[in-house]
Amino acid sequence: MNCSISGEVPEEPVVSKQSGLLYEKRLIERHIADYGKCPVTGEPLIMDDIVPVKTGKIVKPRSLTAASIPGMLGMFQNEWDALMLSNFALEQQLHTARQELSHALYQHDAACRVIARLKKERDEARSLLAQAERQAPLPAPAVTANVSALSNGKRAAEDVDMGHGAKRMRPVISDSIIADLTECNAALSQQRKKRQIPPTLAPINALERYTQLSSHPLHKTNKPGITSIDINLSKDIVATGGIDSSAILFDRTSGEILSTLSGHSKKVTSVRFVAQNDVLLSGSADKTVRIWLGSEDGNYDCRHILKDHTAEVQAVTVHATNNYFVTASLDTTWCFYDLSSGFCLTQVEDPSNSMGYTSAAFHPDGLILGTGTTRATVRIWDVKSRVNVANFDGHSGAVTAISFSENGYFLATAAHDGVKLWDLRKLKNFRSFELYDQNTPTNSVDFDHSGSYLAIAGSDIRVYQVGSVKAEWNCIKTLPDLSGTGRATCVKFGPDARYVAVGSMDRNLRVFGLPEDDASTES
């Protein structure tokens with residue numbers, strides 16, 4: 001007897017009192033629970049109407065296909081064929097999925113490339129638009145016939161055209177800015193006449209006993225080398241720029257790193273503090289200049305990225321007003337910027353359009369700018385008119401560093417052949433120092449803030465007492481380059497020349513000064 005629902009022999013047979021039909025117990029229970037009626041007659045049905053039927057325990061017979069060996073072989077063959085067909089279908093589906101995934105990845109890669117190209121074109125267009133807006137050419141004023149460059153105090157050829165097609169002739173610097181520069185110049189010039197050597201300045205006998213006080217590994221080991229140093233004299237904080245494309249702010253008093261400024265993609269070539277503001281400027285071989293602003297928590301944020309140059313930025317120098325600064329680049333131009341806005345007020349091109357700039361520095365009074373070039377020439381500029389008023393020749397190799405003395409009369413320049421001293425009153429060279437062999441360039445030169453000492457960096461560091469045009473400049477102290485590289489790249493005097501900070505081609509900042517016992521005795 002078979003179940004009236006499934007048509008199979010029931011394992012637990014039950015019978016309905018009303019209809020007398022036979023069911024599988026589990027099936028009829030579920031049907032009554034769902035519908036409450038007989039599945040065949042449709043009459044109302046409850047579980048009380050179901051009566052179980054007792055049957056004997058018997059072994060179910062095998063199916064005919066499993067009752068013989070040929071039947072079993074045929075069953076196995078059918079199962080195997082079904083498995084192979086299923087496996088073939090799965091492989092086809094996998095192959096199709098792989099093709100679709102490959103095509104999707106190709107489309108994604110192509111889309112990413114298109115997006116990257118569009119972003120690059122957009123950024124270039126924005127940069128060109130911004131540059132065009134701030135450097136839109138205006139009618140250039142006529143240049144008087146008696147304005148011509150001077151070369152070592154001698155008037156240059158009259159046929160040099162100072163304004164034809166040159167960016168430096170754009171009269172973008174407003175009258176108010178020129179008035180600000182002139183007022184600053186007058187005030188500083190008046191103060192310089194009354195200038196006295198500060199009593200706290202380190203004496204000569206102290207400098208003679210200078211030795212290495214400390215060495216601080218600031219930059220990365222995989223790209224060692226410090227290219228530039230500047231010191232915030234009021235806070236005694238040292239800034240270093242490195243080949244590892246970062247700038248480091250270091251508290252010399254506590255010996256701790258205050259902040260690591262990352263953002264440049266190539267080596268940092270120049271770092272400069274803005275004295276009265278918590279601002280640092282950094283120039284880089286990636287053709288950009290960054291303006292970093294300090295916050296209350298001690299961190300520095302990049303507020304402006306300046307992209308006006310088309311080649312490596314080699315030097316950054318800050319004007320005495322602390323409101324403006326100049327950048328010099330290998331693209332044969334220097335730019336005059338407003339610090340607060342980061343706008344390029346004017347971009348001045350080299351007169352010959354062939355000399356990239358490798359160094360730059362403002363005169364202490366702020367109306368004169370000195371720039372060193374790749375072809376051993378030092379150019380002196382009138383900042384107000386952006387005119388090249390004098391040229392100093394005589395070096396061999398690129399001019400690596402420029403430093404004006406605080407007395408306003410002397411200019412020191414460094415190049416491959418050594419250091420030359422220039423008298424700005426007579427526009428001539430009055431002394432030269434050829435300190436190293438032909439294979440060792442002079443990398444840095446720096447007057448201290450009082451104008452009493454001059455430091456020179458090459459294969460070692462030498463400190464000179466500043467004399468006069470006729471009086472000798474005596475070497476007070478020779479400090480060894482302890483980096484083991486044989487190349488000191490930058491040198492800077494600390495406050496009152498109480499120490500000398502030196503950077504080399506390793507990653508360490510070295511500080512030379514008097515040991516504490518000698519310093520306390522000296523004071």
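What percentage of the 523 residues of the chain count as buried? The figure is 44%, where buried means under 20% relative accessible area, exposed means over 50%, and partly exposed is in between (1.4 Å probe, protein chains only). Keep in mind that this is a predicted model, where local features need pLDDT of at least 70 and side-chain atom pairs count only at pLDDT 80 or more, while totals for chains, interfaces and linings use all residues. Residues are numbered from 1 along each chain as its sequence is written, and side-chain values use heavy atoms, with hydrogens and water left out.

**The chain as a whole**

- There are five helices and 33 strands in the chain; helices (H or I, at least four residues) and strands (E, at least two) are DSSP runs, numbered from the N terminus.
- Of the contacts in the chain with a separation of 6 or more, 48% are between residues 24 or more positions apart; a contact means heavy atoms within 4.5 Å.

- Rolling a probe the size of a water molecule over the atoms shows where empty space is left.
- The second largest pocket holds about 510 Å³ of space. Grid points are joined across faces, edges and corners, and the volume is the space filled by probe spheres set on the points.
- This pocket is lined by 19 residues, and the closest to its centre are Asp123, Arg126, Ser127, Leu128 and Lys307.
- Two or more lining residues come from each of α2 (69–134) and β14 (300–306), with α2 giving the most, at nine residues.
- By class, the lining has five nonpolar, seven polar and seven charged residues. Here Ala, Val, Leu, Ile, Met, Phe, Trp, Tyr, Cys and Pro count as nonpolar, Asp, Glu, Lys and Arg as charged, and the others, Gly among them, as polar.

**Cysteines**

- A disulfide is a covalent bond between the sulfur atoms of two cysteines.
- The structure has zero disulfides, the test being a pair of cysteine sulfur atoms within 2.5 Å.
- Cysteine 335 is in no disulfide, and its nearest cysteine sulfur, on cysteine 344, sits 3.9 Å away.
- Cysteine 335 counts as buried, at 0% relative accessibility, and cysteine 38 is buried too, with a relative accessible area of 4%.

**Positive phi in loops**

- Most residues other than glycine have a negative phi, and most peptide bonds are trans.
- Asparagine 322 isn't a glycine, yet its phi is positive, at about 65°. Its place is the loop between β15 (313–318) and β16 (324–329), and it is buried, with a relative accessible area of 8%.
- Arginine 386 also has a positive phi, near 55°. This arginine is in the loop between β21 (378–382) and β22 (387–392) and is buried, at 5% relative accessibility.

- Proline 10 sits in the segment before β1 and is buried, with a relative accessible area of 11%.
- Lysine 17 is in the loop between β1 (13–16) and β2 (22–24) and is exposed, with a relative accessible area of 58%.
- Serine 189, in helix α3 (residues 175–193), is partly exposed, with a relative accessible area of 22%. Serine 189 and aspartate 365 are 176 residues apart in sequence but 6.4 Å apart in space, C-alpha to C-alpha.
- Arginine 431, in strand β26 (residues 428–433), counts as buried at 13% relative accessibility.

Methods. On a 1 Å grid over the protein atoms alone, a cavity is a set of points where a 1.4 Å probe fits but cannot get out, and a pocket is an open set with protein on both sides within 12 Å along at least five of seven lines; lining residues have an atom within 4 Å of a point.
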